[in-house]
Amino acid sequence: MAKELQEIIQRCQLLDEENFKGEDYNLFQVAGQKCFEEGNIAEVLEIVQNEKNVVIIKNMGWSLIGPILRCMLKQEQDDVERQYCMKILDKLVELCSAKELILGFLEQIEQTSREQISAAILLLLKPLQEALLKLDTKKAYSVGLSLSTILSQLSLLPIPYTKEQLQEDQHRLCQCLNALPQFVRPFVLEIVQNMEIISGGNCNDLKEELLGFCLKSLKYPLLMAELDPLPEEMAENPLRQFAAEIVRILADIRE
């Protein structure tokens, strides 16, 4: 199937960007998906990194997001294949439309099975953040949509209550909650910098979206979580840490 993908690439190299047809996109997506399913990941990486294919990947590469994620979520995937997948994903973030990337990432987060929700979110948070930072327009809306989608999917996971459940973090909810503040931080800093430029601050759309995220987080998971400090022999309660980060965000955006 790597041969089929290469043939599609060679044919598209002869076309101008505006002459790409729907059939070309479909053939590229199907052949690319087969490559991941059959383990021809190194070949896909070579195609994506080839400078001759920049225009093709820029236009069609976003369709590989689903196959990449499914490949990375396979339990038997080895470290080399995972590194190849990450490099392909990095190249897509570099070349593809931010809007198409964001829609692709959120679609995968929404469609992932309950058992793999946290793994998918942890894999896609960084590229999703990078795509959001590339946006020139509708950034606030896209940030809000991303956070709403992530929280909605996380709400399907059970909240750990006991010390043992928190330590085990079976569904990796605590890991996701630990990663979310870092995901949000660049957008918080953008608001803070805007406040410094405009005396007294400016309640812009991005600020409203982050405020909405904080309020939703107070409802889930924090409203139902046990936030008491844990025994000294155990690390800080991750849900309590998340609550502290939410309070910090609210303070930073002056809410």
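How much space lies in the largest cavity? I looked this up in a predicted model, and the largest cavity holds about 30 Å³ of space.

**Entry 1: the cavity**

I searched the whole structure and found one cavity of 30 Å³ or more. I then listed its lining. Ile65, Ile68, Leu69, Met72, Leu89, Leu123 and Leu124 line the largest cavity. I sorted these lining residues by class and got seven nonpolar, no polar and no charged. Next I checked which helices they come from. Helices α5 (65-72) and α8 (117-134) each give at least two residues to this lining. The largest share is from α5, with four residues.

**Entry 2: α6 beside α8**

I went on to α8 and a neighbour, helix α6, which covers residues 79-95. The axes of α6 and α8 come within 10 Å and cross at roughly 15°. Angles under 35 degrees count as roughly parallel, so α6 is roughly parallel to α8. I noted the crossing of α6 and α8 as right-handed.

Which residues of α6 and α8 meet? From α6 I wrote down Arg82, Leu89, Val93 and Glu94. On the α8 side they meet Leu123, Leu124, Pro127, Glu130, Ala131 and Lys134. By class, I put this contact down as six nonpolar, no polar and four charged residues.

**Entry 3: the largest pocket**

I turned to the largest pocket, which has about 290 Å³ of space. It is lined by 13 residues, and those closest to its centre are Glu115, Gln116, Ser118, Ala119 and Arg172. Helix α8 turned up again here: four residues of the pocket lining come from α8, the largest share. I sorted the pocket lining into five nonpolar, five polar and three charged residues. For the lining of the largest cavity I had written no polar and no charged residues.

**Entry 4: α1 against α2**

Last, I looked at helix α1 (residues 2-13) and helix α2 (residues 22-37). Their axes are 8 Å apart, and the two helices pack at an angle of about 150°. Angles over 145 degrees count as roughly antiparallel, so α1 is roughly antiparallel to α2. I recorded the crossing of α1 and α2 as left-handed.

Where do α1 and α2 meet? In α1 I found Ala2, Glu4, Leu5, Ile8, Ile9, Arg11 and Cys12. In α2 their partners are Asp24, Leu27, Phe28, Ala31, Gly32 and Cys35. I counted the residues of this contact by class as nine nonpolar, one polar and three charged.

Methods:
Residues are numbered from 1 along each chain as its sequence is written. This is a predicted model: local features need pLDDT of at least 70, side-chain atom pairs count only at pLDDT 80 or more; totals for chains, interfaces and linings use all residues. Side-chain values use heavy atoms; hydrogens and water are left out. Axes are lines fitted to C-alpha atoms, for helices over the stretch in contact, and angles run from 0 to 180 degrees between N-to-C directions. Angles under 35 degrees count as roughly parallel, over 145 as roughly antiparallel, 65 to 115 as roughly perpendicular and the rest as oblique. A crossing is left-handed if the near helix is turned anticlockwise from the far one by less than a right angle, and right-handed if clockwise. Contact means heavy atoms within 4.5 Å. Ala, Val, Leu, Ile, Met, Phe, Trp, Tyr, Cys and Pro count as nonpolar, Asp, Glu, Lys and Arg as charged, and the others, Gly among them, as polar. On a 1 Å grid over the protein atoms alone, a cavity is a set of points where a 1.4 Å probe fits but cannot get out, and a pocket is an open set with protein on both sides within 12 Å along at least five of seven lines; lining residues have an atom within 4 Å of a point. Grid points are joined across faces, edges and corners, and a volume is the space filled by probe spheres set on the points.
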